[in-house]
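Thanks for coming. I have one model to go through, and I will take it element by element. Please look at the display first.

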Amino acid sequence: MTRAGFVSLVGRPNAGKSTLTNALVGEKVAITSARPQTTRRVIRGIVNREGGQVILVDTPGMHRPRTLLGERLNDLVRQTLGDVDLVALCLPANETLGPGDAYLLEEIKNSRTPVIAIVTKSDLVTREQLAEHLVEVAQFAAFTEIIPVSAATGDNVQHLADVLVSLMEESPILYPEGETIDEPERIVVAELIREAALEGVRDELPHSIAVLVEEMNERPQRKGDKRPPLIDIHADLYVERDSQKGIVIGAKGARLKEVGKAAREEIEKLLACRVYLDIHVRVAKEWQRDPKLLRRLGF
Ligand SMILES: Nc1nc2c(ncn2[C@@H]2O[C@H](COP(=O)(O)OP(=O)(O)OP(=O)(O)O)[C@@H](O)[C@H]2O)c(=O)[nH]1
C-alpha cells in the first residue's frame with residue numbers, strides 16, 4: 001500500500017520554500033529569488049518516492065496586505081492551509097524565530113492541519129548553531145517532526161521526502177508518475193519571464209511587474225526535421241508607470257533584449273523545445289489595484 005497526499009510549505013519571505021520545492025522535485029518549477037515575496041502563485045511539484053507520493057504546494061510569503069494583491073495573497077495562503085494533509089513550516093537555520101513565524105504558526109493552528117518544522121539552509125550555520133536552533137524550534141511549538149535540511153547542498157533532502165511520504169494517509173498515487181508540474185505551462189512561462197525582467201532591477205521595480213502570456217503555439221514542423229519543436233510565445237509585460245517601462249526596455253531596447261534571451265533559455269530548458277519569444281511592454285497604471293486585470297493575471 002502506498003501513501004499520498006498534499007503538503008504545503010509555508011514560511012516567511014525568503015525562508016527557502018521555492019528552493020526546497022525545486023530540490024525535492026528535482027526540476028525547476030517554482031521560481032527562486034534573492035528577494036522576498038516573489039512567489040505569487042501556488043505552484044505544485046510532485047515528489048515520487050518508493051512508498052508513495054507527495055504533492056507540494058508552494059505558498060506565497062506571508063506579509064501584511066497593502067494592496068488588493070496582498071489581500072489576495074493572504075487569502076490564498078489561508079485557503080491552501082486548510083486544503084492540505086500536512087503543513088511544513090520552514091524556519092531558516094540562520095535566522096532567529098520572530099513574530100512573523102509566530103503569526104504563521106497561529107494561522108496554521110487555526111486550520112487544524114498537522115504541522116512539522118523544516119529547518120532550512122542548514123549549510124549556513126555550524127553544527128553547534130544548528131543544534132541550538134533545533135532546541136529553540138522544539139520549544140517554539142509541539143511539532144510532529146523537526147527536520148534540518150539544506151536545499152543548496154542537498155543535505156537531508158531525500159530523508160525529508162521520505163518523512164513527508166510517511167506522514168501521508170494510505171492512498172493510491174494521485175498523479176501518474178513522471179508528471180512533475182501541476183500548473184498550466186503558461187503560468188510557469190510567465191513567471192520565468194517576470195523573473196528575468198526583475199533581474200538586476202529589483203530595487204527599482206519591487207512588485208510592479210506582471211506578465212501575461214497571451215499566446216503559446218507550436219509551429220508546424222517540416223517532415224524529417226529532427227530538431228525539437230518550435231514554440232511561438234507572445235507575452236505582455238505590465239508595469240505601472242512610464243518610467244518603469246524605460247527601465248525594463250533600457251537604452252535602445254538593449255535590456256529587453258537581454259531579458260528576452262534569459263527568459264527564452266529558461267523556457268527552452270523547461271519545455272525541452274525551441275522558443276521564439278516576443279515580449280510587449282505595456283503600462284497599466286495601478287494594475288495591482290485593478291480587480292479585472294488581477295483576475296486576468298491569475299490572482
Ligand atoms: N545557503 C543556502 N541558501 C538557500 C537555501 N535555500 C534557499 N536559499 C537562498 O535563500 C534565498 C530565498 O530562497 P527562496 O527559495 O526564494 O525562498 P522563498 O521562501 O521561496 O521566498 P519567497 O518567494 O519570498 O516566499 C535565495 O537566495 C536562495 O538561494 C539553502 O539551503 N542554503
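**Helices on the sheet**

Helix 7, residues 242–249, lies across strand 8 and strand 9, and runs at about 155° to strand 9. Axes here are lines fitted to C-alpha atoms, for helices over the stretch in contact, and angles run from 0 to 180 degrees between N-to-C directions. Two residues are in contact if their C-beta atoms, placed from the backbone, lie within 7 Å. Helix 8, residues 254–271, packs on the sheet and touches strand 8 and strand 9; its direction makes about 135° with that of strand 9.

Two remarks on provenance. This is a predicted model: local features need pLDDT of at least 70, side-chain atom pairs count only at pLDDT 80 or more, and totals for chains, interfaces and linings use all residues. Residues are numbered from 1 along each chain as its sequence is written. Helices (H or I, at least four residues) and strands (E, at least two) are DSSP runs, numbered from the N terminus.

Three strands form an open sheet in the order 7-8-9, with mixed pairing. Strand 7 (210–218) and strand 9 (274–283) are at the edges with a single partner strand each, so one side of each has no neighbour in the sheet. On average, neighbouring strands of this sheet are turned by 15° against each other, direction ignored. Strands count as paired if DSSP finds at least two bridges between them. Strand 7 pairs with strand 8, residues 230–239, in the antiparallel sense over eight bridges. One of the residues to look at is V211, whose bridge partner in strand 8 is L237.

Back to helix 8. Its 18 residues reach 26 Å from first C-alpha to last, close to the 26 Å expected at 1.5 Å a residue; the expected span is 1.5 Å times one less than the number of residues. Which residues of helix 8 are buried? They are V259, G260, A263, E266 and I267. These cover an arc of only 135° around the axis, which puts them on the same side of helix 8. The arc is that of the directions from the helix axis to the C-beta atoms. Buried means 20 or more other C-beta atoms within 10 Å of the residue's own, exposed means 12 or fewer, and partly exposed is in between, with C-beta atoms placed from the backbone. The exposed residues A254 and K261 sit on the face of helix 8 turned away from its buried side. Just after helix 8, A272 has a positive phi of about 50°.

**The parallel strands**

Strand 4 (residues 86–92) and strand 5 (residues 115–120) pair in the parallel sense over six bridges, and V87 has V115 as its bridge partner in strand 5. Five of the six residues of strand 5 are buried. Strand 4, helix 3 (residues 99–111) and strand 5 make a right-handed β-α-β unit. Right-handed means that, with the strands pointing away from the viewer, the path from the first strand over the helix to the second runs clockwise. The crossover from strand 5 through helix 4, residues 127–140, to strand 6 is also right-handed.

In helix 3, the buried residues are D101, L104, L105 and I108. They fall within an arc of 100° seen down the axis, so they line one face of helix 3. On the other side, P99, A102, E106 and N110 are exposed.
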